[in-house]
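Biologist: I would like to learn how to read a structure like this one, feature by feature. Please show it, and then I will ask.

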Amino acid sequence: MRFGCGAIMGAAVGFGSMLFVNDSFGSLVVTCVVTSLIFGIAAMRRGDRFWERLRHWVWWWI
C-alpha cells in the first residue's frame, strides 16, 4: 500500500516536472518511472515520515 501510493505520487511529480520541459515522450516515460520508483521505495521505507517531509517540501502543491 505504501509503495503504491508513493509510486502514484512519484508519477504525478515526474509528469508535472516534465510538463515544463519540451522534450521527447521517452524522457517523459523514463522520468515518471524513475520518480515512481524513488517515491515508492522512500514511502515504503520511511512511512509517515516520508509523507510529512513531502508535505513540507511541496506545501504550495498539496
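Biologist: Leaving aside its neighbours within four places in sequence, which residues is Phe3 in contact with?

Modeller: A word on the source comes before the reply. This is a predicted model, in which local features need pLDDT of at least 70, side-chain atom pairs count only at pLDDT 80 or more, and totals for chains, interfaces and linings use all residues. Residues are numbered from 1 along each chain as its sequence is written, and side-chain values use heavy atoms, with hydrogens and water left out. Contact means heavy atoms within 4.5 Å. With those neighbours set aside, Phe3 touches Leu37, Gly40, Ile41 and Met44 by contact. For Phe3 and Leu37, 34 residues apart along the chain, the C-alpha separation is 8.5 Å.

Biologist: How many helices and strands does the chain have?

Modeller: Helices (H or I, at least four residues) and strands (E, at least two) are DSSP runs, numbered from the N terminus. Here there are 3 helices and 0 strands, and the pattern along the sequence reads α-α-α. Phe3 belongs to helix α1, while Leu37 and Ile41 belong to helix α2. Along the principal axes, the C-alpha atoms fill a box of roughly 35 × 25 × 10 Å.

Biologist: At what angle do α1 and α2 pack?

Modeller: Axes are lines fitted to C-alpha atoms, for helices over the stretch in contact, and angles run from 0 to 180 degrees between N-to-C directions. Helix α1 (residues 2-18) packs on α2 at about 145 degrees, and the axes are 6 Å apart. The α1 residues making this contact include Phe3, Gly6, Ala7, Gly10 and Gly14, and those of α2 include Leu37, Gly40, Ile41 and Met44.

Biologist: What handedness does the crossing of α1 and α2 have?

Modeller: A crossing is left-handed if the near helix is turned anticlockwise from the far one by less than a right angle, and right-handed if clockwise. The crossing of α1 and α2 is right-handed.

Biologist: Is Leu54 buried or exposed?

Modeller: Buried means under 20% relative accessible area, exposed over 50%, and partly exposed in between (1.4 Å probe, protein chains only). Leu54, in helix α3, has a relative accessible area of 5% and is buried. Apart from neighbours within four places in sequence, Leu54 is in contact with Met9 and Phe39. Its C-alpha atom is 9.9 Å from that of Ala43, 11 residues away in sequence. In the chain of 62 residues, 29% are buried.

Biologist: Which residues form the nonpolar patch on the surface?

Modeller: Patches are made of residues with over 30% relative accessible area and no salt bridge; like charges are joined within 9 Å, and nonpolar side chains (Val, Leu, Ile, Met, Phe, Trp, Tyr) within 5 Å. Accessible areas come from the Shrake-Rupley method with a 1.4 Å probe, and for residues only the protein chains shown count as cover. The patch consists of Phe3, Phe25, Val29, Val33, Leu37, Ile41 and Met44, with about 650 Å² of accessible area together. Helix α2 (residues 25-46) gives the largest share, 6 residues. Among the members, Phe3 is partly exposed at 34%, Ile41 at 42% and Leu37 at 44%. For the chain, the accessible surface is about 4800 Å², and 68% of that belongs to carbon and sulfur atoms.

Biologist: How many salt bridges does a search of the whole structure find?

Modeller: A salt bridge is a side-chain nitrogen of Lys or Arg within 4 Å of a carboxyl oxygen of Asp or Glu. The search finds 1. Glu52 pairs with Arg55, and their closest N and O atoms are 2.8 Å apart. Both residues lie in helix α3 (residues 48-57), 3 residues apart, about one turn of the helix. Glu52 is partly exposed, with a relative accessible area of 37%, and Arg55 is partly exposed, at 42%.
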